[in-house]
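Below is a short briefing for a reader new to this structure.

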There are 2 protein chains.
Amino acid sequence: MRILFYAPTGKPDPWLAGLRAQLPAAEIEAWQPGAPPADAAVLWSPPQQLFDEQPQLKAVFNLGAGMDALLKLQLPKDALLVRLEDAGMAVQMAEYVCHYLVRHVREFDQLENRWVFRKPLDRAEFPVGVMGLGQLGSRVAQAVLQFDFPVVGWSRTPRDLPGVKTFAGEAGLPEFLSQTRVLVCLLPLTPDTRDILNRDTLGRLKPGGYLINVARGAHLVEEDLLALLDSGHMAGAALDVFRTEPLPAGHPFWNHPKVTVTPHISGRTLREESIRQIAGKIRALERGEPVAGVVERERGY
Amino acid sequence: MRILFYAPTGKPDPWLAGLRAQLPAAEIEAWQPGAPPADAAVLWSPPQQLFDEQPQLKAVFNLGAGMDALLKLQLPKDALLVRLEDAGMAVQMAEYVCHYLVRHVREFDQLENRWVFRKPLDRAEFPVGVMGLGQLGSRVAQAVLQFDFPVVGWSRTPRDLPGVKTFAGEAGLPEFLSQTRVLVCLLPLTPDTRDILNRDTLGRLKPGGYLINVARGAHLVEEDLLALLDSGHMAGAALDVFRTEPLPAGHPFWNHPKVTVTPHISGRTLREESIRQIAGKIRALERGEPVAGVVERERGY
């Protein structure tokens with residue numbers, strides 16, 4: 001079996017070494033234009049040229065959970081598309097969400113490095129709404145529950161999560177939003193979810209709403225959030241993803257008093273976990289076994 | 001039954017109303033000098049005069065988990081001393097500890113509001129050591145475990161906690177410290193634990209140690225922490241409690257680049273939870289039943 005590796009940033013060598021150690025029988029190389037045909041590819045943000053040159057690929061492993069960037073390309077028709085599942089990302093997401101949730105509700109940013117008194121807020125008044133209840137969303141919901149916040153959840157198709165009141169589909173969205181004060185977006189980016197965080201949906205949140213977006217920048221209509229922050233309906237936001245990344249200098253989110261910007265670090269791909277997971281799936285496919293994380297192209301994730 | 005209430009700050013009325021609603025048969029009053037003898041008292045930081053005038057008190061309920069301030073006074077010899085147990089404090093402590101742990105390990109303070117790349121740190125390299133494994137410590141340990149950090153624990157007497165490697169007593173302290181990088185202090189303040197965070201003990205932490213003190217200021221020898229921060233052995237601290245509170249203007253912790261100061265807000269007494277708990281214990285004592293949270297005066301908690 002021949003496997004290609006490509007990632008636009010970072011050194012390929014530790015990835016190649018890790019994959020070779022896990023799959024000693026395979027021939028594993030960094031992709032370069034004109035590389036001989038391979039069976040599988042392990043990729044992050046590849047150029048279209050890679051797929052144009054390698055139409056015979058049987059499996060494409062994405063080095064991330066979000067498939068939106070890859071699905072914009074013309075992909076080999078019959079290749080199995082496999083996304084990264086968790087691989088150390090879910091716990092990072094749970095940390096990020098809990099951190100900014102707690103920071104907001106406990107008002108730590110206003111209590112640090114000064115001696116002031118503030119009346120404790122009641123966590124019952126900060127129900128957390130999690131959009132997207134897959135592996136990442138359910139781990140986040142579980143972490144938030146542990147801090148005794150009320151949690152509601154929303155997903156495309158109905159899901160049951162212990163301790164979480166769940167809603168599904170377009171019909172369930174208004175009710176979910178009206179029960180949410182801190183909204184956490186963990187959705188995949190698809191045609192259905194693009195722009196889903198807008199003036200109408202965010203306007204349905206409880207007064208004093210707070211947005212934590214750790215999914216994709218294109219979920220959010222940025223000017224709608226700004227308008228709701230200005231009107232006072234929303235109290236703030238912690239944003240890790242943006243329509244344009246890096247977030248351009250001069251963008252109103254920079255230095256906005258109610259917005260915390262982080263540079264797309266809420267859930268980073270961890271090399272060792274990713275290599276172990278992908279190598280495991282390659283071995284399973286070689287044995288003819290099914291693997292998890294296979295992407296449905298029409299659905300978009 | 002006659003019950004006195006005293007707290008030096010805040011309005012007594014909502015406390016009196018809450019206690020009266022829970023204990024309609026009792027006579028409940030805010031203490032004033034010369035008040036008629038009572039059976040029980042619900043107190044925070046009372047003056048010695050209260051106990052001098054009320055030697056007949058049969059039960060004293062402390063509006064906090066820490067007994068150190070109360071035990072400095074001359075107390076009615078036969079009064080049962082009862083501390084507040086959890087009452088909404090444990091979850092607050094868990095939030096505080098996880099927040100500053102995650103903020104440090106994920107380097108959020110360095111990633112906020114700029115677009116920079118930092119290599120993710122490995123959580124396995126940040127074992128968290130929890131000192132004090134009672135109701136607060138065990139809740140904190142459980143919350144930290146959920147974010148996949150290795151957790152060790154230390155307590156005066158041996159304790160078992162699922163997922164936590166525990167050590168006990170003076171003999172177990174050096175080994176506990178040597179396995180810890182992020183040290184969380186949740187100990188009661190007693191003669192044995194005063195000054196327990198000092199140059200010797202903090203010097204045994206793994207390099208790059210971080211201290212989270214949510215217990216009492218007198219646990220920490222402040223100049224020893226400053227010396228270890230200056231030497232680089234310790235990387236930082238989040239401190240909620242201080243030897244003198246409010247932390248005096250001009251104290252080196254203010255504006256220290258490696259220290260975050262918070263104004264003793266990690267676990268605040270919540271009125272409704274506290275009233276419910278204390279009223280429940282008063283009813284149990286009236287029925288002749290034992291109650292939890294009774295303080296051993298010699299032990300100090």
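**Where chain A meets chain B**

Across the interface of chain A and chain B, 23 residue pairs are in polar contact, both residues at pLDDT 80 or more (a pair of N or O atoms within 3.5 Å; within protein, one must be able to donate a hydrogen and the other to accept it, and residues adjacent in sequence count only if both atoms are side-chain atoms). The model is predicted: local features need pLDDT of at least 70, side-chain atom pairs count only at pLDDT 80 or more, and totals for chains, interfaces and linings use all residues. Residues are numbered from 1 along each chain as its sequence is written, chains are lettered from A in the order in which they are written, and side-chain values use heavy atoms, with hydrogens and water left out.

Interface
- The two chains share six salt bridges (a side-chain nitrogen of Lys or Arg within 4 Å of a carboxyl oxygen of Asp or Glu).
- B:Glu95 and A:Arg123 form a salt bridge through their side chains, at 2.5 Å from N to O.
- Contact (heavy atoms within 4.5 Å) involves 45 residues of chain A and 45 residues of chain B.

Cis peptide bonds
- A cis peptide bond runs from A:Glu245 to A:Pro246, with omega near -5°.
- In chain B, the bond from B:Glu245 to B:Pro246 is cis, with omega near -10°.

Positive phi
- B:Asp86, a residue other than glycine, has a positive phi near 60°.
- B:Asp148 is not a glycine either, and its phi is positive at about 65°.
- B:Asp148 is partly exposed, at 41% relative accessibility (buried is under 20% relative accessible area, exposed over 50%, partly exposed in between; 1.4 Å probe, protein chains only).
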